[in-house]
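Hi,

Here is the structure I promised to pass on. Have a look at it first, and then read my notes below.

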Amino acid sequence: MITNHSSFLSRLFHPERHSSSLIWLVLAALVIIVVTIVPEFVTPSNLSNVFVQMVPLGLVSVGQTFVILAGGIDLSVGSQISLVTLIAANIMGDSVLSILFSIFLCLLAGLAFGFLNGVLVHKVQIPPLIVTLCTGFIFQGIAYALHKTTGGYISANFQKVITASWGVLSMPFFLFIFFLLIGFYLLNRTRFGRYIYALGGNEEVLANTGVNTGRIKVASYVIAGVMAAITGLYLAARVKSGGALYGVPFTLNSVTAVVVGGSPLSGGEGGLAGTTAGVVIVSMLNNVLNLISFRFNLQSTFYKEILTGVILVIAMLFYRKRS
Amino acid sequence: MSAARIRKPDQFSFFLKNYGIYLGLAALLAISGIISPQSFNPTGLLNVAKQAAGLGIVAIGQTLVILTGGIDLSVGSIVTFIHVYSVGTILGKPELVLPVSLLCLLIGLAFGFLNGLGVTRAQISPFVMTLCMDFIVRGLYFIYTKGQPRGVVPDNLRFIGRGRILSIVPVAVLIWLGVAFLLIFVLYRTTCGSRLYAVAANPRSARLSGVKNDRILIVVYAISGLLSAMAALIITGDMGAVSLGVGGDYSLDSVASTVIGGTSFTGGIGGVEGTIAGAYIIRLLTSLLQKINISNTGKLIIQGVLILAIVGAYSKKKNG
């Protein structure tokens, strides 16, 4: 739908491809509401807390954005994250070489997971939802098998490097910004990025222009897999252990962050700017829920699941195609 | 007439598509006979059927949803919710069983109805809607139980899960087969059934021929919720205790039963009759794996691979 004189309201109800400015407005409004209702949100210690919670979700959502833009979905990222934390915790030693080798192996594992998903979606022509749901269960099964009651071993040096902080700045912050910038570059400045958008927009047309669509599709899942592996490594370092359930919340939360950020599941529209705002919104609301339930002495984990579900439904309602 | 009549595949693939599931069942039965001959007798096999009853009923609802091209990922949470809610409300009082059971069926229906509304009126894709519902219902049962479910299951509720007619045939199996045959009749012998296949196979032409697509879809999701609640009551009766871990596997298990039973994700192909065997196969597989000491871990992996293999084989056929 093309309108020359679009008012703010009509833009609000007909989000266009680059609607990231819009989602930042929503975020700003939310921040104002939150600060009025829950003033303790803006204390420095709480803000740094929000940030620590935000980084893993941000990392995994960068990968999820590529897949969703290309018209797919990856419901296996949560299990991939858990599995990677366990791989790291099982093989890591204390020497620099051993740490580097573990990181390399974990990234390779993420690459392999993503490749498996991509090949099943592209070559075997199974719908992405079914593929990643099933591979998710398979990864989860392997993670349970690797899980040890002790949580394995993560080198203290690795933890120090990954969670290092200098005042306001910290290593997690740089990690997130670094991968976000790489993602931005890939999506907005390269041919590959344009193909990702085109693939989600209309696969047939892209294929008719002579592009190998299969390769682009597989690449999107590989990116999601590698980002999940990086998330897993970060989580393993932060918690200093591996666990079969560490990744569970990230599957739905990453989809929520991407969709809230204005990239619909139909693909081809949206982008990382929106996703970043989506990540901030999801993390902020989760944190606010913690603060509120602390105030009323409630068990916040129980309400978090409801919150995630409700936000995603509202976002889908908001962005649905008007016919 | 059902849409299945219109397709005319060649003889062999027709045979495989319609009866392949029973070949698979026979093969699995033979394997289980070899692995544990001591439980390979009518009593043992009926026991598996009793364990499969709850899953069988959930899977019937799942089959209807998948037939329409959707998927219901909220059944697992609905089963757990109804399970903890019924036990926590009845609190061992036999006179409360009937009213609470009816209330539970209504609650299940309401969850399913909301799924249906989200999918049709709000145009949210089925798996997102039901995944969100899964999270919401999970949050609800955690809030309801505060993490510690309590209550006692009275004898008359235990009867529908554990009881046996003439001390041979489990009541649960009779309920399962009753529901299955009712829905087979509805699908193949009523206008409602052929409309469902029409909506599933080609929504546009169904709408143009005067079918109210949305209404059919809402009813299908509502039935799935209702059947999940019914299954939860049977499972509660069979267990006789209360636990938060009850429903966790039912989403994957019911999807697996449906797919193994020959219903396709593309919609409009398949039916409830294959799902009966599918659910039995899943439970037989579970008990076999337990016998050779492969825990839940192995079951997750095997089911994942199984669904991928079956869906993959089907999609290859379609392209080739």
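**What I found**

B:Gln123 counts as partly exposed, since 14 C-beta neighbours lie inside 10 Å (buried is 20 or more other C-beta atoms within 10 Å of a residue's own, exposed is 12 or fewer, partly exposed is in between, and C-beta atoms are placed from the backbone). B:Gln123 has a positive phi of about 60° although it is not a glycine. You'll find B:Gln123 in the loop between α4 (97-120) and α5 (126-145) of chain B.

Before you go further, please keep in mind that this is a predicted model: local features need pLDDT of at least 70, side-chain atom pairs count only at pLDDT 80 or more, and totals for chains, interfaces and linings use all residues. Residues are numbered from 1 along each chain as its sequence is written, while chains are lettered from A and ligands numbered from 1 in the order in which they are written.

**Chain A overall**

Chain A has 14 helices and two strands (DSSP runs numbered from the N terminus, with H or I over at least four residues for helices and E over at least two for strands). Its radius of gyration is 20 Å, close to the 20 Å from the globule rule for 323 residues, so chain A is as compact as a globular protein of that length. That radius is taken over C-alpha atoms, and the rule is 2.2 Å times the number of residues to the power 0.38. The C-alpha trace of chain A spans about 60 × 55 × 35 Å along its principal axes, and 49% of the 323 residues are buried.

The average pLDDT (the predictor's confidence in each residue, from 0 to 100) is 85 for chain A, and 91% of the residues score at least 70. Within chain A, confidence is highest in α11(A), at 95, and lowest in helix α1 (residues 8-13), at a mean of 54. Over residues 1-5 of chain A, pLDDT stays under 50, and the model has two contacts beyond four places in sequence for them (a contact means C-beta atoms, placed from the backbone, within 7 Å). Where pLDDT is low, the predicted coordinates should not be read in detail.

**Two spots in chain A**

A:Lys240 is in the loop between α11 (213-239) and α12 (248-260) of chain A. A:Lys240 also has a positive phi of about 60° without being a glycine, and it is partly exposed, with 16 other C-beta atoms within 10 Å.

What does A:Ser155 contact, leaving aside its neighbours within four places in sequence? The partners are A:Met92, A:Gly93, A:Asp94 and A:Ile99. A:Ser155 sits in the loop between α6 (128-146) and α7 (156-162) of chain A.

**Where the chains meet**

In all, 36 residues of chain B are in contact with 33 residues of chain A. On the chain B side, α5 and α13 (296-319) each supply at least two residues, and the largest share, 15 residues, comes from α13(B).

**One helix in chain B**

Helix α12 (residues 272-291) of chain B has 20 residues and should span 28 Å at 1.5 Å a residue; its end C-alpha atoms are 29 Å apart, which agrees. Of those 20 residues, 15 are buried, so α12(B) is largely enclosed by the rest of the structure. Just after α12(B), B:Asn293 takes a positive phi of about 65°.

Definitions and conventions. The expected span of a helix is 1.5 Å times one less than its number of residues.
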